[in-house]
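Here are my notes for your first look at this chain. Please keep the structure open while you read the points in order.

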Amino acid sequence: MIPAAAPDSQAAVLVSLDFGDAAQEDAAEELARLADSAGVGRHVTVSGKRQRPDPKFYAGSGKVQEIGLAAEALNAGTVIFNHALSPAQQRNLEKELGRTVLDRTELILTIFAQRAKTNEGKVQVELAQLERLSTRLVRGWSHLERQRGGLGKTGGPGEKQIELDRRMIADRMRILKGKLEQFRHRRGVQRRARARGEVLSVSLVGYTNAGKSTLFNALAHAKAREADQLFATLDTTTRRIWLPEAGTVVVSDTVGFIRDLPHGLVAAFRATLEETVRADLLLHVVDSAAPARDQQAADVDKVLDEIDAGEIPKVLVWNKADASGLQPGVERDEYGKIRRVFMSARTGAGLAELRGAIAEAARTRPTRTFSPETITQ
Ligand SMILES: Nc1nc2c(ncn2[C@@H]2O[C@H](COP(=O)(O)OP(=O)(O)OP(=O)(O)O)[C@@H](O)[C@H]2O)c(=O)[nH]1
Ligand SMILES: [Mg+2]
């Protein structure tokens, strides 16, 4: 007799519940893309409506049954909720379903852990994982083991070790924070050198998959990784480019934003995002062909506010004009300032206008003000 196949850890049931908020379809679609980006091979989506989360299972008990049946049919080893689960809800679900249950934050952390390339990126991801763990450790080991082992792994050394491990985690977090401080310091030195040279710094920001890296490559003739994947870029890449009208400009491509970016991640990525915060000009890249483009742009603005970058001069870049059918060109506000550039990083249409917009920002840039430290001295 052939034994029943073990559940496939690369197959997942995705759960996206509607609490009466708009754009539920987009949310479910985004979860599927996140799962693809994390390497989930096969998935089905279970959706549903609720007034508010159930305290025990997050979903209602009927929905949990439906999830169980879907998991059985797919032989899925993993269930992924598009929401933040409490440790108790996660544990109850794992027990009830007999499968690994991840929530949205863990899924995003998994992707970040897979993608981090530079030392700084790796340190940031590890810190975010440990931060999350330290709040969950009392509850059991399975989360730690899973985070270490990647998607779908469960089991671990057992509760007795917890006290010891809490201390080890705290020590490790201290070391990682120290390392990040060093990275940050080094970056500060580079930044001051740049400021002395009066070079305009421009950062590309925007929702993940908006086309930032493609645009960066077009602007800087570089070869940053571009991919139809969420969070293709995790680390900041910086290049100097020469614009005839504006001289040398420093352009940075960085990590994309997403709705409900896990808080620990924002904290851990603060150092990288600081690059963004200190830029003279932000190019906010929007995927103009995405149905949820307005919501995505609003989510990016929210994160920018959170990292104190809301006041930096900004040009909206409506990218993928080729796919959305928009006419490449420039839109100005009532004072004649460029507000929005419609363009396609893929075809290059509108790229000259964008270069013009950067040059204009360079020319009209306010002279650097004194930093608060200088003023109080
Ligand atoms: N049709 C069209 N597709 C584009 C355009 N620009 C980028 N893309 C595609 O959009 C996808 C995402 O592009 P990336 O440049 O990797 O996007 P990103 O904003 O850097 O994404 P992350 O690094 O994941 O945050 C890729 O498949 C690109 O080929 C464009 O102007 N038109
Ligand atoms: Mg990118």
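1. Start with Lys320. This model is predicted, and in it Lys320 is buried: 24 other C-beta atoms lie within 10 Å. The cut-off for buried is 20 or more, so Lys320 passes. Find Lys320 in the loop between β9 and α12 (321-324). Its phi is near 60°. That is a positive value in a residue other than glycine.

2. Now look at Asn209. Its phi is near 75°, again a positive value in a residue other than glycine. Asn209 sits in the loop between β5 and α8. Is Asn209 buried or exposed? It counts as buried, because it has 24 C-beta neighbours inside 10 Å.

3. Move along to helix α8, residues 212-220. This helix is mostly covered, with 7 of its 9 residues buried. The buried ones are Lys212, Ser213, Thr214, Leu215, Phe216, Ala218 and Leu219. What do they pack against? Their partners are the strands β5 (200-206), β6 (237-243), β7 (247-253), β8 (281-287) and β9 (314-319), along with helix α13 (351-364). Just after α8 comes His221, with a positive phi of about 50°.

4. Thr237 belongs to strand β6. Thr237 counts as partly exposed, because it has 19 C-beta neighbours inside 10 Å. Buried would take 20 or more. Which residues does Thr237 contact, leaving aside neighbours within four places in sequence? They are Ala224, Ser252 and Asp253.

5. Turn to the nonpolar core. The largest one has 84 residues. Val15, Val79 and Val317 have the most contacts inside it. At least three residues of this core come from domain 1 (9-103), and at least three from domain 2 (199-367).

6. Take Val317 from that list. Set aside residues up to four places away in sequence. Val317 then touches Leu215, Leu283, His284, Val285, Val286, Val341, Met343 and Leu354. One of these, Leu215, is among the buried residues of α8.

7. Next, two helix pairs. Two packed helices are described by the angle between their axes and the distance between the axes. Begin with α4 (residues 104-115) and α5 (residues 119-136). Their axes come within 10 Å and cross at roughly 155°. That makes α4 roughly antiparallel to α5, because the angle is over 145 degrees. The crossing is left-handed. On the α4 side, Thr105, Leu109, Phe112 and Ala113 take part. They meet Val125, Ala128, Gln129 and Arg132 in α5.

8. Helix α4 also pairs with α1 (residues 24-37). Here the axes come within 9 Å and cross at roughly 35°. This crossing is left-handed too. Leu34, Ala35 and Ser37 in α1 meet Leu107, Ile108 and Ile111 in α4.

9. Finish with the whole chain. How many helices and strands does it have? The secondary structure comes to 14 helices and 11 strands. Of the 377 residues, 38% are buried. Now consider contacts between residues at least 6 apart in sequence. Of these, 65% join residues at least 24 apart.

Conventions:
Residues are numbered from 1 along each chain as its sequence is written. Chains are lettered from A and ligands numbered from 1 in the order in which they are written. This is a predicted model: local features need pLDDT of at least 70, side-chain atom pairs count only at pLDDT 80 or more; totals for chains, interfaces and linings use all residues. A nonpolar core is a set of buried Ala, Val, Leu, Ile, Met, Phe, Trp, Tyr and Cys residues joined through C-beta atoms within 7 Å. A residue is buried if 20 or more other C-beta atoms lie within 10 Å of its own, exposed if 12 or fewer, and partly exposed in between; C-beta atoms are placed from the backbone. Domain bounds come from an automatic or database domain assignment. Two residues are in contact if their C-beta atoms, placed from the backbone, lie within 7 Å. Axes are lines fitted to C-alpha atoms, for helices over the stretch in contact, and angles run from 0 to 180 degrees between N-to-C directions. Helices (H or I, at least four residues) and strands (E, at least two) are DSSP runs, numbered from the N terminus. Angles under 35 degrees count as roughly parallel, over 145 as roughly antiparallel, 65 to 115 as roughly perpendicular and the rest as oblique. A crossing is left-handed if the near helix is turned anticlockwise from the far one by less than a right angle, and right-handed if clockwise.
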